[in-house]
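Hello! Here is the structure I promised to pass on to you. Have a look at it first, and then read my notes below.

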Amino acid sequence: MIFRQMAAMDAMDQTGAVTSEQSTVEKVQSALLRDAGEAVQSGGVVRENRRKDGTSVRRTLRGVVRDTAYLLCMLFTSLTSVLLLFLLAVAVGSTVVAGMGLVLAPLAVQVVRRWTDVHRALAGWVLGEQVPRRYRPLRGGIGSWMRQVVADRMTWRDLGWLAANAVVGLVAGAIGLFFAGTPPVTLFTMFFWWLAPVDDPLHMLMGTPVTSWSAALATGLGTLAVSVPSGVLVVPRAARLHAAMTRALIGRSTADELERRVEALTEARTGVIDAHGAELRRIERDLHDGTQARLVSIAMRLGMAKQALGDDPEVAARLIDDARIGAESAMGELRSILRTMYPPVLTDRGLGGAIHALAAQSGVPVQVDVEDLGLVSAPAEAATYFTIAEALTNAAKHSGASVARVTVHRTGDWLSTTVEDDGCGGVDETRGSGVVGIRRRIEALEGAVHIDSPHGGPTTIKVELPCGS
C-alpha cells in the first residue's frame, strides 16, 4: 500500500514537471511569435516611411528642376521685356512724327498682352494656380483702339510689369543660372583640370586654381556640398517670389474682381428681368386662352341652366353637370399654372421626393442618385427642380435618349446637380432652347452651368449653385 502511494506520488511529480515544461515552451513560443509580429510590423512601417521619403525627395527634385527652368526663362524674358519697352516707345514716338503711332501703339500693346499671357501661364505653373487675365476687348476700328488701350487699366499694369521684369527677371535669371551652372562646371573642373596648361590652370569658384588631384577633389566636393543644398533652398524661393510679383502686377486685382462680379451680376439681372417678363406673358397667355375661356363657358352654361330650370329640369341638370366638369378642368389648369411658379411637391415632399416624382413622370427611364441634402433654400430648390424638369423633358422629346441619370449632392453651401442622357446630343443654346432658361435661372442665383453635348451624344448638364438658407 505504501509503495503504491509512493509510486502515485512519483507519477504526479513527473506529470507536474511535464506540464511545467510544456507551459514554459508555450510561453517561449508566444514570446517569439510576438517578437516576430512586432518585427514584421516595424518592417512594414519602415518600408512605408522609406516610400514616403522617396516620394518626397522626388517631388522636391521635380520642383527644383521646374523652378530652375523658370528662372532661366526669366533671364531671357527680361531682355525681351527691355526690347518690348523700346518698341512701345518707338510706336508712341511715331505718333508725333507721322501719326503712325495711333495704329502701331495698339498693335504693340496687343503683342505685349500676348507676351504677358505667356508669363501668366509660367507663373501659374510655378504657383500651382491659374493666374487669370483681364482685358477689355478692343471694339470698333483701328482708329479707336488707341483711346481704348490708354483707358484700360491693365495696359498700364502690363507696362509696369515689363519694367519690373526687366530688372527683377534679370536678377532671378542670374540666380537660376548660377545654381544651375555651378554643379556641371565644378564636376568638369574636378575631373578634367589636367587638360588645362600648367601656366594657366582651371579655377574653381572664388578663383581657386586647381593644379592637383587632391586640390580638385577637395575644392570640388566642398563647392558641391555648399552649392547644391543652397540651390535647393534658394531656387524655389526665388522662382515663387518672381511668380508672385507677376501675379500681383498682371493678374486680377481686387478692383478687377469686383468689376467682373458687377458685370456678371448686371448681366444676370438683365437675364432675370427678361425671363420674368417672359414668364408673366406665359402665365397671362395660359390664363387668357385656357382658364378664362373655361370660366366664361361655365358662366354661360349656368345662365342657360337658370333659364331652363323651370321649363326643362333635365336640360338644366345636364348644363349644371357640364359646368361642374368645366370648373374641375379650370381648377386643374390653375394648379398646373401654379406648379410652374413654385411646385407644391417641393413643400410636400422636399427636393429629394420632388426629383423622384419627376423621374417617375419622365418619358425615359431615369436613375436617381440623391444624397441627404439637409436644409436647402427655397430659391435653390426651385431652380434645381426646374433644371431637372427641363433637362428630362429635352431628353425625352428631342434627344431620343433611352436612359437618363440624375445626380444631386451637396458640398458645404453648394448644391451640385448633374443630368446625363445617352441621346444624340448637339444642344445649341443659340436656338433659344430651354437650356437658355436654365442658365438664366441659375446665374440669377450666382450659380454656374456647364454643358457638354457633342453631336452624337451623350449630353451632360451640370449645375452648381449656392444653397445656404
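**Cysteines, a buried aspartate and a surface patch**

C424 is partly exposed, because its relative accessibility is 39% (buried means under 20% relative accessible area, exposed over 50%, and partly exposed in between, with a 1.4 Å probe and protein chains only). C73 also counts as partly exposed, at 35%. The structure has zero disulfides, where a disulfide is a pair of cysteine sulfur atoms within 2.5 Å.

Before you go on, please note that this is a predicted model, in which local features need pLDDT of at least 70, side-chain atom pairs count only at pLDDT 80 or more, and totals for chains, interfaces and linings use all residues. Residues are numbered from 1 along each chain as its sequence is written, and side-chain values use heavy atoms, leaving out hydrogens and water.

Next, look for D67 in helix α1, residues 2-97 (helices are DSSP runs of H or I with at least four residues, numbered from the N terminus). D67 is buried, because its relative accessibility is 2%. Setting aside neighbours within four places in sequence, D67 has contacts (heavy atoms within 4.5 Å) with V126, V235, P236 and A239.

Finally, there is a nonpolar patch on the surface: L187, F188, F191, F192, W194, L195, W213, L217 and L221 together have about 920 Å² of accessible area. Two or more residues each come from α4 (153-192) and α5 (213-250), and α4 gives the most, with four. L217 sits in helix α5 and is partly exposed, at 38%. Patch residues have over 30% relative accessible area and no salt bridge (a Lys or Arg side-chain nitrogen within 4 Å of an Asp or Glu carboxyl oxygen), and nonpolar side chains (Val, Leu, Ile, Met, Phe, Trp, Tyr) are joined within 5 Å, like charges within 9 Å. Areas come from the Shrake-Rupley method with a 1.4 Å probe; for residues, only the protein chains shown count as cover.

Happy exploring!
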